[in-house]
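Please open the structure in your viewer and keep the selection tool at hand.

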Amino acid sequence: MLGDDIEDRELGLGGPRRGQKSRMLVVKASKSLVRFISILFLAGSTLLLLFIVMSGSINHAPINKFYWLQADTSNISSAPALSRWTFWGVCGVSGGKNVNCTDLGPAYPLSPVDNFHTKVGMPHDFVANRSTYYYLTRFSFVFLLLALVFVGLSMLFYLMSWVSGAFQGTMFVLIGLGTLLNITGSACQTAAVAMAKNKFKDDHFKAKIGVKMMAFAWTTVALDICLFFLLGSFFLKRVYNAHREFVELQKYKEQTAAVGYDQQGLDQGIGGMGPVNTMGPIAGDTVEDPKPEPPHQSGIKFFKIRRTHKSDDESM
């Protein structure tokens, strides 16, 4: 019986310790999982944005299979029979691959009027609403390129935040800007490509959207949004904990200052008299009654006595 009680007490003491260790293991495992997911999403988003940005500039697989829009342009005199619009310009098609990507340049618009320098042989909407296609796709180029820069930098700062938490704020701002730019660029490009495909088909030209490029664009958007909320929640939690610790420290300082002020006032009130016994006489101590002080002899009586002695001398 006694042995069972001792064992129960030992288990009672060890239970909280085991629970604390298990909680610490769970926290460490969750942090490791979040780190793995975050770096995986950052690397995936950066890689897909690189595929988008490199389309049209490299004639090797798999980059030479990526495009925004493919359309029949055989009626346009200065265009190939089948054209593909990529990130950097217009390419021809051979064996399902991009070929003859010669007229390339930054912020290349999806605008047949500007691409082929003619208004003949193309759907009328490209001529009437030329500025819509022109500016949507040019701005999309800038937004997606900047999104790649910000997402890539946020991955770098996220790796650095494992060493120092001071980089978490910079990383959170970068991934926020990258996400916003990625959403805007993908939306502009999708709108322009969808309208262009519909206008080609309305004029009985074959056209289709590059599924891979669109999938890349919106997958990066989804990954960036997940990263923004995932990393943002941890960053905001860290900021909240730091603020709470600061507030508690300020309260502690105020309480300490108040106690020190009260003690200083008490010391000044005593004025160096030493410890004061406020408990009254202690049992066993003898209390002596105060002795009466002798009456004060005034100077008048002294002079009276002196004068009496003098009159006696004179009488003698």
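Begin with the residues around the largest cavity: by class, its lining has 8 nonpolar, 4 polar and no charged residues. Here Ala, Val, Leu, Ile, Met, Phe, Trp, Tyr, Cys and Pro count as nonpolar, Asp, Glu, Lys and Arg as charged, and the others, Gly among them, as polar. This is a predicted model, in which local features need pLDDT of at least 70 and side-chain atom pairs count only at pLDDT 80 or more, while totals for chains, interfaces and linings use all residues. Residues are numbered from 1 along each chain as its sequence is written, and side-chain values use heavy atoms, with hydrogens and water left out.

**The cavity**

Select Trp68, Trp85, Phe87, Tyr108, Ser140 and Gln189, which are among the lining residues of the largest cavity. On a 1 Å grid over the protein atoms alone, a cavity is a set of points where a 1.4 Å probe fits but cannot get out, and lining residues have an atom within 4 Å of a point. The volume of the largest cavity is about 90 Å³, meaning the space filled by probe spheres set on the grid points, which are joined across faces, edges and corners. Helix H4 (residues 130-161) provides the largest share of this lining, 4 residues. Helices (H or I, at least four residues) and strands (E, at least two) are DSSP runs, numbered from the N terminus.

**The core**

Next, select Ile52, Trp68, Leu69, Trp85, Phe87, Phe126 and Phe200, which touch the most other members of the largest nonpolar core, a set of 38 residues. H4 gives the most to this core, with 6 residues. Such a core is a set of buried Ala, Val, Leu, Ile, Met, Phe, Trp, Tyr and Cys residues joined through side-chain atoms within 4.5 Å, where buried means under 20% relative accessible area (1.4 Å probe, protein chains only). A second, separate core of 6 residues includes Leu42, Tyr158, Ile175 and Leu231.

**The pockets**

Now select Lys31, Arg35, Gln168, Phe234 and Arg238, which lie nearest the centre of the largest pocket among its 18 lining residues. A pocket is an open set of points with protein on both sides within 12 Å along at least five of seven lines. The space in this largest pocket is about 510 Å³, and H6 gives the most to its lining, with 6 residues.

Finally, select Ser78, Cys91, Asp103 and Phe116, which are among the residues lining the second largest pocket. Its space is about 160 Å³.

Definitions and conventions
Buried means under 20% relative accessible area, exposed over 50%, partly exposed in between (1.4 Å probe, protein chains only).
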